[in-house]
Amino acid sequence: MNNLKTMTDEELVALYAKGSNPAFDVLLNRYKSSVHSYIYYIVRDRDLTEDVFQETFMKAIVTIKQGRYTENGKFKAWIMRIAHNLIIDNFRQERNENTISNDEVESDLFNDISLCEGTVEDEMVQNQVFADIRKLVRHLPANQREVLEMRYYKDMSFKEIAEATGVSINTALGRMRYAILNMRRMAEENKMELAIA
């Protein structure tokens with residue numbers, strides 16, 4: 001087990017894909033705390049956090065076992081994206097059941113990376129969407145752009161962002177919220193379609 005703990009995420013994924021359950025246990029132990037904290041931070045409900053947490057790792061297991069894991073060197077970002085997408089799915093389901101405001105779903109703009117392979121056309125649409133998002137990001141005020149880039153491109157927590165920028169967590173969250181609202185507004189004004197079907 002000790003030598004497993006010194007392996008990279010990718011080595012552990014490869015081992016697990018070949019049938020080594022202890023390899024996945026090491027990955028789980030490596031990231032369970034940050035994944036669990038991230039989910040709870042967004043949903044603020046212990047039972048729902050447990051459900052989403054379990055589903056996140058089940059989805060990871062199935063994807064790896066089916067040989068569909070292709071995120072070389074980015075296991076943490078990938079597992080966090082699975083959790084994020086499941087949270088969004090939950091908010092959507094809740095919204096359909098209770099017609100809650102879209103503002104309660106923080107970041108539809110970034111819920112665009114599907115975990116399965118698409119067609120060439122899908123890839124072209126996806127590339128266009130990401131190019132449009134990058135353009136919008138460039139037009140944000142500097143403090144909003146900084147928070148957004150740290151969160152989505154550097155995979156930093158809001159606590160880490162707050163420390164790096166010398167502001168409170170609430171200020172960092174506020175800047176992120178305004179960044180997303182501003183990007184939605186600019187997308188509407190410029191008739192940009194930011195959803196990937």
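I count a charge as sitting over a ring if NZ of Lys or CZ of Arg is within 6 Å of the ring centre and within 35 degrees of the ring normal. By that rule Lys-65 lies over the face of Tyr-16, at 4.3 Å from the ring centre. The charged end of Arg-46 sits over the ring of Tyr-40, 4.6 Å from its centre.

The model is predicted: local features need pLDDT of at least 70, side-chain atom pairs count only at pLDDT 80 or more, and totals for chains, interfaces and linings use all residues. Numbering starts from 1 along each chain as its sequence is written, and side-chain values use heavy atoms, with hydrogens and water left out.

Next I looked up aromatic pairs, meaning rings of Phe, Tyr and Trp (its six-membered ring) with centres within 6.5 Å; planes under 30 degrees apart are stacked, over 60 edge-to-face, the rest tilted. I found eight aromatic pairs. Phe-24 and Phe-57 pair edge-to-face, 6.1 Å centre to centre with 80° between the planes. This pair links helix H3 to helix H4, across 33 residues; helices are DSSP runs (H or I, at least four residues), numbered from the N terminus. Tyr-16, Phe-24, Phe-53 and Phe-57 form one aromatic cluster.

Last, I checked the backbone. Arg-44 has a positive phi of about 55° though it is not a glycine. Arg-44 lies in the loop between H3 (21-43) and H4 (46-65), and is exposed at 53% relative accessible area.

Technical notes:
Helix = DSSP H or I, 4+ residues; strand = E, 2+ residues; numbered from the N terminus. Buried < 20%, exposed > 50% of the residue type's maximum accessible area, 1.4 Å probe, protein only.
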